[in-house]
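Let's walk through the pockets of this protein together, one question at a time. Have a look at the sequence and structure first.

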There are 2 protein chains.
Amino acid sequence: MHMVMDSSETDALFDKWQPQARKGWLECFLLLVLSHERGYGYQVATQLREALNAELPEGTLYPLLRRMQRDGLVDTEWDTESGSNPRKYYTITPRGRLMLEKMRTEFEHWQKAMDTLEGKP
Amino acid sequence: MHMVMDSSETDALFDKWQPQARKGWLECFLLLVLSHERGYGYQVATQLREALNAELPEGTLYPLLRRMQRDGLVDTEWDTESGSNPRKYYTITPRGRLMLEKMRTEFEHWQKAMDTLEGKP
DNA sequence: ACCATATGCATAGTATAACTAGGTATGCCT
DNA sequence: AGGCATACCTAGTTATACTATGCATATGGT
């Protein structure tokens, strides 16, 4: 006799939903990180995992970075000198900054929509 | 001689990005609307178009509503009595409310991540 | 010396949801 | 009669996150 509202099922549903919800916004988060300082894949992954407190598989990250380069949002250069493995550094471009601004505006837009639909004045 | 930063290209990129960014969140917005009062497709579409100030094609809306019903987030019933075309009313379920709560939490989570990465204390 | 782990990059294939482009039908206005 | 708003639906396309791999170098423990 309990009032447990079967959260195990919604958990499964939520877990399926989460990756869908991230679509597009990872690009925004990446640009946000790179807007402060250039970085390389593995490093940025670590930063984002902390900030988002979530996993970030490499199969998600690297293809995304390549698309961003393809679209001219970031520039890349290899650093083969530093002791460790060669690192591919990503630097945000002016076009990347423009995109970031638009994305952030969109996010704020959604915040307001949430509040509006919530009934907040 | 001007400093125009070619926003037409980023516009095209942004327009391609937007639908990806909406993935998952439309479900959240829909649940939010239905959490106050039951509604039917066409009506809710109008509400959301206003609140989001964006288009919401029917080819997006109706399949989404069906998925939500399939997943037990909403219940449905036909209203064939009222004068106009038959309307399919959607009512949020307890499970739907649970999902909505989790989604909103996730959104707040992202807000904090944005601020953190932005450098806000 | 050896092996596990961490670092660092990459891709092929799968799943999912938003969208495009169509379809059906009723009621209202001129 | 014709056009428009209302009201629902679906087949097919596209883009992205993820799974499961693969490769290579550096580092730490025994």
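Helices here are DSSP runs of H or I with at least four residues, numbered from the N terminus. The model is a predicted one.

Q: Which residues lie nearest the centre of the largest pocket?
A: This pocket holds about 650 Å³ of space. Its lining counts 29 residues, and those nearest the centre are A:R22, A:K23, A:G24, A:L26 and A:R67.

Q: How many charged residues does the lining of the largest pocket have?
A: Sorting the lining by class gives 14 nonpolar and six polar residues. The charged residues in this lining number nine.

Q: Which residues are closest to the centre of the second largest pocket?
A: About 420 Å³ of space lies in the second largest pocket. Of its 18 lining residues, the closest to the centre are A:Q20, B:G24, B:E27, B:L64 and B:R67.

Q: Where does the largest share of the lining of the second largest pocket come from?
A: Two or more residues each come from α1 of chain A and from α1, α2 (25-34) and α4 (58-70) of chain B. The largest share is six residues, and it comes from α4(B).

Q: How many polar residues does the lining of the second largest pocket have?
A: By class, this lining includes seven nonpolar and seven charged residues. Its polar residues number four.

Definitions and conventions:
Residues numbered from 1 in each chain as written. Chains lettered and ligands numbered in written order. Predicted model: local features only at pLDDT ≥ 70, side-chain atom pairs only at ≥ 80, totals over all residues. Heavy atoms only, no water. 1 Å grid on protein atoms, 1.4 Å probe; cavity = no way out; pocket = protein on both sides within 12 Å on 5 of 7 lines; lining within 4 Å. Points joined across faces, edges and corners; volume = space filled by probe spheres on them. Nonpolar A, V, L, I, M, F, W, Y, C, P; charged D, E, K, R; others polar.
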